[in-house]
Amino acid sequence: MADEGRRGEEDGGPGAVHQVFVVMESLLEKLKVLNYEEEILAKHNMKNLSRHYFVSSPFLAVNPGEQFFLFTVIAAWLINEAGRPFTAPQEHDEPNATVSNILSELRAFGVKVDFPPSKLKSGSGEFVCLVLDRLAEEALKRKGFSFRRPDYPAETTEEESVVEDNAELTLSKVEEEMIEEPDDEEENVMDLEALKLRTCPTDTEASSKPEEILEATVDAAEWSLEVERVLPQLKVTVRTDNKDWRIHVEQMHQHRDGIKSSLKEATSYLDRLQEDVGKTLEKVSSREKYINNQLESLIQEYRGAQAKLSQAKERYQQASGGVTERTRVLAEISDELEKVKQEMEEKGSSMSDGAPVVKIKQSLTKLKQEIIQMDVRIGVVEHTLLQAKLKEKSNMTRDMNATNLPEPATGPFA
């Protein structure tokens, strides 16, 4: 995170480090417009994303595996929403292949990809937010949705009422304000004419003023109740007139005098700063020329070394390509050699093994026994056949003798 902070300060100032938070919040708003809660979260039974879910920060406790899976799922869904067919990734898919497919689809939208694919395997960070944000923009563009600037209502400035201290009020201002106030407020405002008469006594009253001290005959409790009753009516509200041009003129004169006095001091400081900067620039330019003259030979040597290094890199790449091919051929030959060795071992083990000879002897013994059994059976069959022939011959002889017997004579002596 510290490295990213330094890189952000070098690229676009100290605020560039926090740009990824702004991109993530914008991405979340776009996903809400695309209704990702029902399309993604409901199908995968996941919770809603936080405002900084895909931001790589040590202050956020997240699961990198879950982040990467959700990143691939959202990216595939956004690509499909943008009008290009993309198969949703599974948990057992190869991460490198999935990231490569997502980046190829991003390039198809015309987005320039100038970072390595390994930056997306963590499932969080600046490039993850950038990829999802661009895909969300393509999806919104296909749906015809675009963000517009907000319309703010016109603000109406109201004159603020300022309550001044009673000690600073003058009778002339009070009279003017009383004349301008409407009739419905006359009940709650003191009678200023009576107040003037009371504050400025007439000659008759002055002549009739008693010389001795007056003593009050009113009860203190009744006096307090009367004071509490009339106290709200004793408050005087005076509104300042913002249209008084004299006040503005005085303020303008004061500001002009302040600007003039400040400008004199600032001009002297700026002139001095200009002289210092000019001297410093001259010193820097002279030092730069001196260093360039001193290091010209070293720069030439460095350029020659750079050229030799590039040539050596080219030769190394060519040699590494030949080594790779030879390594592949060696692997194939090694596989064939292993197969030949395995066949030789099998044949050698079968040649040194006496089991086949034993099996042959057993087969011969069994064959001899079967031959003896067959001979006995053949003898029995021949004997049975001989007996059958003898019996048939005897039967034939008997039949022949029976047919050759003389016929009995016929006559009286028969």
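In which crossing, left-handed or right-handed, does α2 pass α6? The crossing is left-handed. The legends below set this out on a predicted model.

**View 1. The protein chain is built from helices, with zero strands.** The chain holds 13 helices. Of its 414 residues, 17% count as buried. Among contacts between residues at least 6 apart in sequence, 65% join residues at least 24 apart. The accessible surface comes to about 34300 Å². Carbon and sulfur atoms account for 55% of that surface.

**View 2. Helix α2 crosses helix α6.** The axes of α2 (residues 19-33) and α6 (residues 126-143) come within 9 Å. They cross at roughly 35 degrees. From α2, the contact takes in Val20, Val23, Met24, Ser26, Leu27, Lys30 and Val33. From α6 come Glu126, Cys129, Leu132, Asp133, Ala136, Glu137 and Leu140. Nine of these contact residues are nonpolar, one is polar and four are charged.

**View 3. Helix α3 has a buried face.** Tyr36, Ile40 and Leu41 are the buried residues of α3 (residues 36-44). Seen down the helix axis, they fall within an arc of 80 degrees, so they line one face of α3. An α-helix has 3.6 residues a turn, so residues three or four places apart point the same way. The buried residues of α3 pack against α2 and α4 (64-81).

**View 4. The other face of α3 carries exposed residues.** Glu38, Ala42 and Lys43 sit on the face turned away from the buried side. Just after the helix, Asn45 takes a positive phi of about 55 degrees.

Definitions and conventions:
Residues numbered from 1 in each chain as written. Predicted model: local features only at pLDDT ≥ 70, side-chain atom pairs only at ≥ 80, totals over all residues. Heavy atoms only, no water. Helix = DSSP H or I, 4+ residues; strand = E, 2+ residues; numbered from the N terminus. Buried < 20%, exposed > 50% of the residue type's maximum accessible area, 1.4 Å probe, protein only. Contact = heavy atoms within 4.5 Å. Areas by Shrake-Rupley, 256 points an atom, 1.4 Å probe, with all protein chains shown as cover. Axes fitted to C-alpha atoms, helices over the stretch in contact; angles between N-to-C directions. Left-handed = near helix turned anticlockwise from the far one by under 90°. Nonpolar A, V, L, I, M, F, W, Y, C, P; charged D, E, K, R; others polar. Arc of directions from axis to C-beta.
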